[in-house]
Amino acid sequence: MSKLPNITTSIFTVMSKMATEYNAINLSQGFPNFPVDERLTDIIARLAKENVHQYTPMAGFPPLMNQIAKLVQSSYNRTINPETEILVTAGATQGIFTTILALIKTGDEVIILDPSYDSYESPVLLCNAKPVRVALNDDYTPNWDTIEKACSSKSKMIIINNPHNPTGKILNEEDFLQLERLLSKYPDLLVLSDEVYEYITFEEKHISAHTKDFLLNRCIMVSSFGKSFHITGWKIGYTVAPEYLMKEIKKVHQFLVFSVNSISQAAINQYLDIVDVNLLGKFYQEKRDYFQKLLQNSRFELKPCEGTYFQVVSYANISNDDDVTFCKKLITDHGVAAIPISTFYSDHKDQKLIRFCFAKDNFTLESAAKKLGDI
C-alpha cells in the first residue's frame, strides 16, 4: 500500500518531458541554461586532480562550513557556530525533507502557504502528520488572520518561502511583525524558512529570517548554492538552525545522506573567496527586465516579480482553458513550456496563471518570446 497515494509525477517532470518530446523551448523547470562562471569550472577542474574524492565529515567540509558562517555574517550580520549550527545538504530539497522528518511527529500539523513548492507536503505525510494548506491572498501576500485561524495546539511548524516560488513575491517588515505575533501565541511553533532565492531580489531587498532576533532560536533556514550560483545539478545546499534543533536534524541526515559530494563542497569553498553574491540580483534583474520587455506587446499580462527567476503571467485574454490544459497546448501548438500555477495549490485553484523561468540566455528568451508573441 502506498504511503503517498495522492502524490503523482511532478508537474515539472511532466512539462519537461513534453518539452523534450515536442522539441519545445523549456521555460518550465527552474534551471539556467547559460554557462557557469569560468572561475568556478576552473576551480573544479583543478580540484579533480587533487585528493578531494573521499567522504567529507557528516555535517560538511569544515572549510566550507566556515565560509558559510562568514557568508551569513557578511550578508545578515548574524554570527553562527559552524560546528553546531550548520549542515551542508544534497540540495535545499534534502535540507527541507530532513528537517521535517527530524522535527515533525505523528499527529503534528504543519502550515503550508499556497501556492507552495511541491516538496513541502510529502515529508509531512511520511511523518504521519497533517499538512494544513492555507492560501495566500490573490496578490500573494500572506493573510495572517487566515493563517492564525488555521493554527492550533497541534501546529508544530509553519513553512515560509521567501522570495516565493512560484510567484516571485517577497515578505516585508509587516509580515515579520505578524509572524512574531503568531509565534508569541503558539510557543511550540517552529518556522522553516526556505530562502533558496535569497540573493535574487530586485527593487525591494530580501528580508531574511536571519535578521530577526525573535526567530533565531525557533527557525531553520534553508539555502541553496545550486540556485545562487546556477549550478542546480550539483545539488548543494545548506541549513542553519540553533544547536538544539540541528542536533535532531543531523541525526536524520547521517542515515539519509551521511555526507555530501566532496569535490563540489571543496570547489564552492574556494569560489566563495572570489565571488560577490551581491551582484546576483542585478544580473537576474537584467534578465527579468529583458524578458518583460520582450513580452510587453504580447497578449499575456505580466504580474509583479520582486525576486526569484520566475515570471508569472495571466493568459485570461487568450484562452478559457484551465491552466494545465493551456500549458500542454502551449507546448504542442506553440513550442514553449511553462508551469501551471494551479498545481501549487492543494485545491488546484485555477486563476489562468502560468509561470515562466527567465534564467535563460538571451537567444532562448528571444526565441520563446517570438513564439509567445504570435499567440
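Which residues form one aromatic cluster? In this predicted model, the cluster is made of Phe34, Tyr197, Phe283, Tyr284, Tyr309 and Phe310. Here are some close-ups of the rings.

**View 1. Phe34 meets Tyr284, one of the 17 aromatic pairs in the structure.** The two ring centres sit 6.3 Å apart and the planes make an angle of 50 degrees, so we call this pair tilted. Follow the chain and you'll find that these partners come from distant parts of it, 250 residues apart. Phe34 is in the loop between strand S1 (25–26) and helix H2 (38–47), while Tyr284 belongs to helix H11 (residues 280–295). Both Phe34 and Tyr284 are buried.

**View 2. Phe291 and Phe356 pair up edge-to-face.** This time the planes are 80 degrees apart, with 5.9 Å from centre to centre. Again, distant parts of the chain are linked: Phe291 sits in helix H11 and Phe356 in strand S13 (residues 353–357), 65 residues apart. Phe291 has a relative accessible area of 0%, so it counts as buried. Phe356 also comes out at 0%, which means that it is buried too.

**View 3. Arg355 holds its charged end over the ring of Phe310.** The distance from that charged end to the ring centre is 3.6 Å.

**View 4. Lys360 lies over the face of Phe31.** Here the distance to the ring centre is 4.1 Å.

Technical notes: Residues numbered from 1 in each chain as written. Predicted model: local features only at pLDDT ≥ 70, side-chain atom pairs only at ≥ 80, totals over all residues. Heavy atoms only, no water. Phe/Tyr/Trp six-rings, centres within 6.5 Å; stacked < 30°, edge-to-face > 60°. Helix = DSSP H or I, 4+ residues; strand = E, 2+ residues; numbered from the N terminus. Buried < 20%, exposed > 50% of the residue type's maximum accessible area, 1.4 Å probe, protein only. Lys NZ or Arg CZ within 6 Å of the ring centre and 35° of its normal.
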